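Let's take a walk through this structure, from its surface to the spaces inside. Have the chain open in your viewer and follow along.

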Amino acid sequence: MARRAVPLDAAAPGGALLARVPGWIAGGLVAALTLGALIAVIGQASPGGRIGSAADWAAIRFTLVQALLSAGFSTALAVPLARALARRRFPGRRLLIALFGAPFILPVIVAVLGLVTVFGRAGWVSTGLGLAGLPPLQIYGLHGVVLAHVFFNLPLATRLVLQGWQEIPAEQFRLAAQLDAAPRDIGRLLERPMLRRTLPGAAAVIFAICLSSFAVALTLGGGPRATTIELAIYQAFRIEFDLGRAAWLACMQIALTFGAALLALRLGRGESLGTGLGRALDRWDGATLRHRLLDALLIALAALLLLLPLAAVVAAGVPGLWALPPVVRGAALNSVLVALASTLVMLLIALPMSAAAVAGRGRGVVELAALLGLAVSPLVIGTGLFIIINPLADPLLMALPLTGAVNAVMALPFAMRILLPRARQVAAQDGRLAQSLGLGQWWFTRRILLPRMRAQIGFAAGLSAALSMGDLGVIALFASPGQKTLPLVVYELMGSYRMEASAAAALLLLVLSMSLFWLFDRGGKFHAEA
């Protein structure tokens, strides 16, 4: 046993050092991969290139406009929807709230195909409008990009705002009931302060996510006037091969993303909503028939917005499943292999970084390194890696391995947000016992920390696999005919107007993505400690 009280990260100096060093190495590799790739692109840029042109500034303006509109509509619609979910109890409520997390892991190209099937010129809604003698909807352009982003981010905004509603102590509502407060008084005294604390941070987070839009703008942008920064980087690489322009746009994107991230952190702070005993609350405000009908309508419309595109993909894809082109099967195998490799790489990076973030000194640097995956464009990372590898080997032969590596870095920030809270909880609960027994940090990490994080590891692995399966980024730049992934094949089939084949391939992609997520998530929870 230990003869004196010592910090956990110093209980056994050698063990503590071993526990931190792998995390530092992993964080250093992430920083070298992202920043080194950016430096490689800048180094290959020719002097006097076309930097800061009118088209570049137009892309920056469009990116900011669509991100502002997407964040504004998502948060504005989330408020009444979250209020309806907070004060209503109905069968399937928990399942519906759980489904609100589905768009985040849904392959973007699948969601876009579903939205086109429902809202496109020949979609379900346009067909209904045609029967009424009205013109069809136009889904391409700014409104199409915003619609897709609202589809992806409205559930996220709703979950964030609903969490804010649930953080209001039930005792405060009970006190309002005893004082016979009207619904408008409850809104003024309880709900509006919560919204002032929650909404700005939620809007800033969604704004930051929309800044890096690529697949949505690629498929629904509709031309030069609807080009995002990420799409402009793709065009600079793929069409012009202007590395200087791509590097300049990447630096602008990094500045905007970091600015939005810092704004989200700053706006996310606020005064506490108070404390309570954690009791459940039966809301009585909004009990009139008008309020009940309005809440039911809002919940039904949100469910339709969420489920109709998925139903459209299933309905359109089932007839063509038995006649898929041969290229789809090969692309599906490539996507699964890339997703599995990406998940493995992500875990090899995220787990030691999580342990190092808990171990003590240097944890802030480790967490900052994990955020680089959100700031640096994956297209820039992929191109930089190709530039670095080109003198040593044929980079086109390594398109799939490099895609897996970039996907792992892109999933790292989300995985760290899943792993870190549990790692800190386990360290706080069992750290003193480990100190009293004189256990080193390495033994603690291997025998206590990681086994008790199995559920979180499974969830992070499932999320990483699903995101990698649906990624349409680096592979769109450098894929050779034999190295295409399933999202790229779906995009190409859509571009050639083979809609039945693209719908069937999208359905296969949806099934594979959800299956990988379920297998990893379920595997992590199997016999895992609560």
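Which helix gives the largest share of the nonpolar patch? Helix 2 (residues 54-87) does, with four residues. Before going further, bear in mind that this is a predicted model, where local features need pLDDT of at least 70, side-chain atom pairs count only at pLDDT 80 or more, and totals for chains, interfaces and linings use all residues. Residues are numbered from 1 along each chain as its sequence is written, and side-chain values use heavy atoms, with hydrogens and water left out.

Back to the patch: Val65, Leu69, Phe73, Leu77 and Leu142 make up about 390 Å² of nonpolar surface. (A patch takes residues with over 30% relative accessible area and no salt bridge; nonpolar side chains, meaning Val, Leu, Ile, Met, Phe, Trp and Tyr, are joined within 5 Å, and like charges within 9 Å. Areas come from the Shrake-Rupley method with a 1.4 Å probe, and for residues only the protein chains shown count as cover.) Leu77 sits in helix 2 and is partly exposed, at 44% relative accessible area. Here buried means under 20%, exposed over 50%, and partly exposed in between, with a 1.4 Å probe and protein chains only. Helices (H or I, at least four residues) are DSSP runs, numbered from the N terminus, as are strands (E, at least two).

Asp56 and Arg245 pair at 2.5 Å, N to O. Asp56 is in helix 2 and Arg245 in helix 12 (residues 243-267), so the bridge ties together parts 189 residues apart in sequence. Asp56 is buried at 0% relative accessibility, and Arg245 is buried at 3%. The count comes to two salt bridges; one of them joins Glu492 and Lys484 at 2.9 Å, N to O. Glu492 is partly exposed, at 34%.

On a 1 Å grid over the protein atoms alone, a cavity is a set of points where a 1.4 Å probe fits but cannot get out, while a pocket is an open set with protein on both sides within 12 Å along at least five of seven lines; lining residues have an atom within 4 Å of a point. Points are joined across faces, edges and corners, and a volume is the space filled by probe spheres set on them.

There are two cavities of 30 Å³ or more.

What about the second largest pocket? Its volume is about 490 Å³, and among its 19 lining residues Val116, Tyr140, Met494, Tyr497 and Met499 lie nearest the centre. Helix 5 supplies the largest share, four residues.

Technical notes. A salt bridge is a side-chain nitrogen of Lys or Arg within 4 Å of a carboxyl oxygen of Asp or Glu.
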